[in-house]
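Q: I'm new to this one and would like to walk through it slowly. Could you show it to me before we start?

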Amino acid sequence: MLKNIFLDLDDTILNFTAGEAKALSQTLREAGIEPTEAILDRYHIINTAHWELLEEGRLTREEVMVQRYEQLFRELGVSHSGAAINDRYEYLLSQQHEFIPGAEQLLKELAPRYALYLASNGAAAVQNPRLDAAGIRPYFKGVFISQELGADKPSKAFFDACFAVIPDFHPEEAAMVGDSLTSDIRGGSNAGLRTVWFNPHGKEPRPDIRPSYTIHALSELLPLLASIQ
């Protein structure tokens, strides 16, 4: 029987994609760079590649934050401080807290039935203000942000740090819910949790990462969890 549910934040509860677009576009404009579709697309390719290196343990969080911008600026032939640009971007992102459709109602329905825990790879200076502004912190028994834990999803160290502070915790009584196969689903699986892949856009599955369950809308989650023995 499930007792503990770990929920990812970005693009699972809060709409990171929309918030990122606003924050990134404003950051680039302030730096004198027009955020054309081509530039934004190139940033996303660079950013994804850097986050994958973080998940593989080949880059630190600090290196990802700075080097993604430095690579973009090198390609554009402009000179800016990657660290300063990242600081401005993170501040602007911290002001964004739009919900994924159905997320707020889902939290209201889950909280009386399960112990909810937030499990996020985001920066603490970004995620904490967004949680507070969205008013959702009270739904969670614990908030686990990788920067504060000193380990990132999908590492077992991240999940072990979470488990260590949850009373009477048993992995077989818990599930990880998130939109990322490489961090949420791989990490949860490696930690011995059941996993629920939130896949609203119909992304192709990966043969090397197998979620226990897949949902395409958050409204599907509560009935699914209730059916798991």
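Q: Before anything else, what does "buried" mean when you use it here?
A: A residue is called buried when its relative accessible area is under 20%, and exposed when that area is over 50%. Please also keep in mind that this is a predicted model.

Q: Okay, so is Asp11 buried or exposed?
A: Asp11 has 18% relative accessibility, and because the limit for buried is 20%, it counts as buried. Asp11 sits in the loop between strand 1 and helix 1, and its phi is positive, about 65°, although Asp11 is not a glycine.

Q: Where else does a residue other than glycine have a positive phi?
A: Asp168 is one of them, with phi near 50°, and its place is the loop between helix 8 and strand 4. As for accessibility, Asp168 counts as exposed because its value is 60%.

Q: Which strands does strand 1 pair with?
A: Strand 1, residues 4-7, pairs in the parallel sense with strand 4, residues 174-178, over 4 bridges, and it also pairs in the parallel sense with strand 2 over 4 bridges. Phe6 stands opposite Met176 in strand 4 and opposite Tyr117 in strand 2, while Leu7 has Val177 of strand 4 as its bridge partner.

Q: And which way do the residues of strand 1 point?
A: Asn4 and Phe6 point one way, Ile5 and Leu7 point the other way, and all of them are buried. In a regular strand, side chains alternate between the two faces of the sheet.

Q: Switching to helix 3, why does its length make sense?
A: Helix 3 has 16 residues, 61-76, and at 1.5 Å a residue these should span 22 Å, so the 23 Å between its end C-alpha atoms agrees with that expectation.

Q: Where is the kink in helix 3 centred?
A: The kink is centred on Gln67 and amounts to about 25°.

Q: Which residues of helix 3 are buried, and what covers them?
A: The buried residues are Arg61, Val64, Met65, Arg68, Tyr69, Leu72 and Phe73. Their cover includes helix 1 (16-30), helix 2 (37-55), helix 4 (82-94) and helix 7 (146-149). An α-helix has 3.6 residues a turn, so residues three or four places apart point the same way.

Q: What does Asn47 touch?
A: Leaving aside residues up to four places away in sequence, Asn47 touches Glu20 and Arg68. Asn47 belongs to helix 2 and counts as buried because its relative accessibility is 8%.

Q: Is Arg113 buried or exposed?
A: Arg113 is exposed, with a relative accessible area of 53%, and its place is the loop between helix 5 (103-110) and strand 2. Arg113 and Asn4 are 109 residues apart along the chain, and their C-alpha atoms are separated by 9.4 Å.

Q: Last one: which peptide bond is cis?
A: The bond from Lys153 to Pro154 is cis, with omega near 15°, and Pro154 lies in the loop between helix 7 and helix 8 (156-164).

Methods
Residues are numbered from 1 along each chain as its sequence is written. This is a predicted model: local features need pLDDT of at least 70, side-chain atom pairs count only at pLDDT 80 or more; totals for chains, interfaces and linings use all residues. Side-chain values use heavy atoms; hydrogens and water are left out. Helices (H or I, at least four residues) and strands (E, at least two) are DSSP runs, numbered from the N terminus. The expected span of a helix is 1.5 Å times one less than its number of residues. The bend at a residue is the angle between axes fitted to the seven residues ending there and the seven starting there. Buried means under 20% relative accessible area, exposed over 50%, partly exposed in between (1.4 Å probe, protein chains only). Contact means heavy atoms within 4.5 Å. Two strands pair if DSSP finds at least two bridges between them.
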